[in-house]
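Have the viewer open as you read.

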Number of protein chains: 2
Amino acid sequence: MRVFWVVCGIAAALMASTVITSTAKAQDPLPSWRDDAPKKAIQSFVASVTRDGSPDYVAPADRIAVFDNDGTLWSEKPYYNQLAFALDRVKALSSEHPDWKTKEPFASILRGDTESLLSGDEKEIVGRLLDIIRATHAGMTEIAFNQIVLGWIENARHPETKRLYTQMVYQPMLELLAYLRANDFKTFIVSGGGVDFMRAWAEKVYGIPPEQIVGSRNKLKFELRGGRPSIFRLADVEFIDDKEGKPVGIMQHIGRRPIAAFGNSDGDLQMLQWTCLGRPLQTLCLYVHHTDDEREWAYDRDSAVGKLDRGLVAAKVNGWLLVDMKTQWKQVFPTP
Amino acid sequence: MRVFWVVCGIAAALMASTVITSTAKAQDPLPSWRDDAPKKAIQSFVASVTRDGSPDYVAPADRIAVFDNDGTLWSEKPYYNQLAFALDRVKALSSEHPDWKTKEPFASILRGDTESLLSGDEKEIVGRLLDIIRATHAGMTEIAFNQIVLGWIENARHPETKRLYTQMVYQPMLELLAYLRANDFKTFIVSGGGVDFMRAWAEKVYGIPPEQIVGSRNKLKFELRGGRPSIFRLADVEFIDDKEGKPVGIMQHIGRRPIAAFGNSDGDLQMLQWTCLGRPLQTLCLYVHHTDDEREWAYDRDSAVGKLDRGLVAAKVNGWLLVDMKTQWKQVFPTP
């Protein structure tokens with residue numbers, strides 16, 4: 001009997017090994033990435049932190065990877081997709097707010113003038129966006145808001161490409177998320193966007209569950225009415241998960257330092273600093289550089305949305321990866 | 001060759017099945033629970049939400065279980081273990097604060113009078129505890145605080161039992177955590193305790209990683225000094241994860257409604273309401289009732305720490321499980 005099992009075992013082992021090697025050869029985990037510096041650096045990083053006995057080995061529990069969303073996982077031009085959602089909400093709610101016809105920033109929105117929303121300095125822009133968020137993202141329960149977002153994301157289309165917003169995610173980044181998870185990384189979104197806006201659809205689109213999404217937050221209030229509990233969304237924006245807020249959001253929510261961080265703008269700089277600077281272990285920081293004005297958009301230093309200026313300098317100084325979207329991504333969006 | 005594989009397959013299948021059935025018979029997932037109503041209810045709940053094709057089936061991603069910590073996963077008498085940590089910190093820091101000798105609540109602590117800390121109404125008690133937290137849980141980096149907590153939890157002993165605090169966790173609850181995880185539940189702590197205090201040791205003790213711990217929070221600040229990033233703990237207590245704060249903390253952090261919640265005090269009431277009231281699906285809510293003055297402590301309505309009054313009524317009205325620690329737990333603490 002023992003001999004019989006040994007024979008089975010050896011035969012099985014032989015079969016398995018052939019299967020493994022052949023599939024390993026066959027499958028490129030990052031097919032939309034050109035065989036170029038960033039792809040090679042990503043793969044050697046993953047190999048060195050996952051290889052048992054490697055001096056850079058990191059236990060699976062500590063393989064935390066954080067991703068910005070707007071401009072890193074999906075497009076953010078001509079303006080943030082969540083702003084497109086908010087503008088549609090302003091139009092839908094305008095009949096209940098006759099005063100909006102003469103009150104900025106709502107009057108401009110109702111006139112169809114979105115450009116003025118993003119004019120002026122950053123402080124002015126953020127102020128306008130917060131006014132719009134307060135007016136459109138509050139005054140209902142969490143469950144109701146979730147339904148509103150789902151109804152929008154399943155039907156709304158991008159003003160220029162006319163594609164569903166969920167079809168304007170980056171194919172190379174979807175591959176990167178899957179590749180990291182296949183190597184026992186836990187993938188998180190850490191975005192300036194509204195956490196509940198993203199949670200409504202991100203699990204389906206990115207495979208990232210609600211509890212692994214960190215974002216900006218409205219204040220919430222628990223109420224029990226007639227034996228039915230609910231969570232109401234209040235107008236105060238309680239936390240803005242951007243710039244210095246990103247490492248704070250990471251420590252509040254995740255409670256440990258990531259070993260890999262991915263962004264595309266100066267709003268991600270502190271998250272990349274927190275992940276990659278002054279540490280004794282191997283880390284990976286990567287900036288997606290929007291250089292492709294044919295397949296997507298080309299912008300950096302002078303853009304009101306997704307400005308990348310200090311980050312470009314930091315990437316050079318610290319040796320972070322800078323992905324040239326135009327030359328280093330074979331494909332930008334998923335094939336419909 | 002084909003016949004050879006079939007033979008191997010059948011033999012392997014036979015072996016496997018015997019192994020499975022025998023272990024299934026052999027293993028009781030909740031050996032420290034008496035074969036009584038709560039244990040049976042827990043097991044039938046888990047069976048009904050995990051059985052494929054069951055009308056109550058819940059997908060693994062939605063199997064969220066939330067646990068209070070103090071009094072639910074470990075002891076909280078004669079006062080919260082985190083308060084014992086804070087008192088030790090006050091003593092350790094007193095030389096740097098000569099004014100504490102005459103300033104309350106520090107003067108009482110330095111005199112060894114802890115009872116007065118928990119006298120008066122709840123508002124007075126909370127006020128004192130917040131003063132102590134501000135003085136002992138801030139003014140250092142997150143990393144430094146983590147090291148301070150670890151140094152304490154590995155050596156400090158309970159004032160009455162003289163056991164390590166990590167040996168005063170409840171064996172039946174450790175079994176329950178493991179049993180739920182074995183059934184693809186994701187287990188979270190949702191506690192009024194300080195999130196960073198718990199995160200320092202909870203993964204090792206409960207198998208719950210930092211990112212699955214929700215608690216009260218100090219304000220944090222990101223700084224980059226000489227190219228080295230750090231997160232500083234500020235004195236403001238930014239969020240108190242208790243009572244109405246618990247469902248809010250759940251929605252901020254987890255972003256979906258749990259289907260199972262476990263607590264022991266009125267501070268957990270809203271978390272249990274949010275989990276179990278007004279929903280069309282099967283849920284489980286359980287209160288641990290401290291009735292064992294021999295093996296642990298007996299307290300409920302009149303206790304300053306872990307008061308259970310409104311919760312007792314709610315458990316009765318809503319048919320939540322109430323565990324009589326004295327009669328329904330065979331063992332309270334792990335065998336040393």
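Where is A:Thr72 found? A:Thr72 sits in the loop between strand S1 (64-67) and H3 of chain A; helices (H or I, at least four residues) and strands (E, at least two) are DSSP runs, numbered from the N terminus. This is a predicted model, in which local features need pLDDT of at least 70, side-chain atom pairs count only at pLDDT 80 or more, and totals for chains, interfaces and linings use all residues. Residues are numbered from 1 along each chain as its sequence is written, chains are lettered from A and ligands numbered from 1 in the order in which they are written, and side-chain values use heavy atoms, with hydrogens and water left out.

With 0% relative accessibility, A:Thr72 counts as buried (under 20% relative accessible area; exposed is over 50% and partly exposed in between, with a 1.4 Å probe and protein chains only). Beyond its neighbours within four places in sequence, A:Thr72 is in contact (heavy atoms within 4.5 Å) with residues including A:Tyr170, A:Phe262 and A:Asp268.

The loop between S1 and H3 of chain A also holds A:Asp68. A:Asp68 forms a salt bridge with A:Lys246, at 3.0 Å from N to O (a side-chain nitrogen of Lys or Arg within 4 Å of a carboxyl oxygen of Asp or Glu). A:Lys246 belongs to helix H10 (residues 245-253) of chain A, so the pair ties together parts that are 178 residues apart in sequence. Both A:Asp68 and A:Lys246 are buried.

Next, look at helix H6 (residues 142-153) of chain A, which has 12 residues. Its buried residues are A:Glu142, A:Phe145, A:Val149, A:Trp152 and A:Ile153. Seen down the axis of H6(A), they fall within an arc of 90 degrees, so they line one face of the helix (the arc is that of the directions from the helix axis to the C-beta atoms). Their cover includes strand S4 (228-239) of chain A and helix H10 (245-253) of chain B.

That brings us to the partner chain. The contact takes 45 residues from chain B and 45 residues from chain A, and there are 6 salt bridges between chain B and chain A. One salt bridge joins B:Glu203 to A:Arg256, with the closest N and O atoms 3.4 Å apart. Both residues belong to a salt-bridge network that also links A:Asp62, A:Lys186 and B:Glu211.

Methods:
Expected span 1.5 Å × (residues − 1).
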